[in-house]
Amino acid sequence: LFSHAADITVVTMAVGDDYQRTVSLGIENKQQYCEQWGYDFVCQTTTLDPERPIPWSKIILLLNLMETSPSEWFFWTDADSLVTNLAIPLEDFIDENYNFIVSRDFNAINTGQFLIRNCAESREFLKNVYARTEFIFHPWWENAAIINELENNSHLAGMTKIVPQRLFNSYPQEVIAGAPQSTYQPGDFIVHFASVRWN
């Protein structure tokens, strides 16, 4: 059982004054959660590749952290989400048999929240995702590239664990109605306001 809080870093990104104001509650909420459990917290506030839409910078940010941080695991969490159950530690979601732990919504894999191990295989995976330039301006940005990479590389299946959406990526009723497997229920870990758009 993985149980080392010092080996987990929580990562998010909020670029632009307007967007930072929109998600300020979520940033404060994540800071509080990390302080409670002893996790490092990183919030990137500038784009890392001005030639691409902002969400792509999450891939560079994670790659940079993998080179500089001693953390064994990173938990990516979109800025437009709130930890709603502070009593649940990230250790509960970690499965040492996998390198990438992510949920699927009613469309496909959704990378609003995911866990990724700091290892050579994960770095190769993220570099390959970033190389999928045909998805730069896709409506789902890097999420589409990740889906495609997973679908077209069978060796990644063994490193990827798909978990139920409500484990750590619930959507509010306003975002998706009539899908109980996706809709936030009291006690869920995170609610993700997925309709909030990047600048």
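This is a predicted model: local features need pLDDT of at least 70, side-chain atom pairs count only at pLDDT 80 or more; totals for chains, interfaces and linings use all residues.
Residues are numbered from 1 along each chain as its sequence is written, and side-chain values use heavy atoms, with hydrogens and water left out.

**Exercise 1. Work out whether the span of helix 5 agrees with its residue count.**

Step 1: Find the helix. Helix 5 covers residues 141–152; helices (H or I, at least four residues) and strands (E, at least two) are DSSP runs, numbered from the N terminus.

Step 2: Get the expected span. The rule is 1.5 Å times one less than the number of residues, so the 12 residues of helix 5 should span 16 Å.

Step 3: Compare. The end C-alpha atoms of helix 5 are 17 Å apart, which agrees.

**Exercise 2. Decide how enclosed helix 5 is, and find what it packs against.**

Step 1: Recall the cut-offs. Buried means under 20% relative accessible area, exposed over 50%, and partly exposed in between (1.4 Å probe, protein chains only).

Step 2: Count. Helix 5 is largely enclosed by the rest of the structure, because 10 of its 12 residues are buried. Among them are Ala 144, Ala 145 and Ile 146.

Step 3: Look at Trp 141, which also lies in helix 5. Trp 141 counts as buried because its relative accessibility is 18%. Trp 141 has a positive phi of about 50°, although it is not a glycine.

Step 4: List the partners. The buried residues of helix 5 pack against helix 3 (57–68), strand 5, strand 6, helix 4 (120–130) and strand 7, where contact means heavy atoms within 4.5 Å.

**Exercise 3. Describe the neighbours of strand 5.**

Step 1: Take strand 6 (residues 109–117). Strands 5 and 6 pair in the antiparallel sense over 5 bridges; two strands pair if DSSP finds at least two bridges between them. The two form a hairpin with 4 residues between them.

Step 2: Take strand 7. Strand 5 pairs with strand 7 in the parallel sense over 4 bridges.

Step 3: Ile 101 stands opposite Leu 115 in strand 6, and opposite Lys 161 in strand 7.

**Exercise 4. Characterise the second largest pocket.**

Step 1: Know the term. On a 1 Å grid over the protein atoms alone, a pocket is an open set of points with protein on both sides within 12 Å along at least five of seven lines, and lining residues have an atom within 4 Å of a point.

Step 2: Give the volume. The second largest pocket has a volume of about 170 Å³, a volume being the space filled by probe spheres set on the points, with grid points joined across faces, edges and corners.

Step 3: Trace the lining. Helix 5 and strand 7 (160–163) each supply at least two residues, and the largest share, 3 residues, comes from helix 5. The lining includes Arg 104, Ile 147, Leu 150 and Ile 162.

Step 4: Sort by class. The lining divides into 7 nonpolar, 1 polar and 2 charged residues, where Ala, Val, Leu, Ile, Met, Phe, Trp, Tyr, Cys and Pro count as nonpolar, Asp, Glu, Lys and Arg as charged, and the others, Gly among them, as polar.

Note on methods: On a 1 Å grid over the protein atoms alone, a cavity is a set of points where a 1.4 Å probe fits but cannot get out, and a pocket is an open set with protein on both sides within 12 Å along at least five of seven lines; lining residues have an atom within 4 Å of a point.
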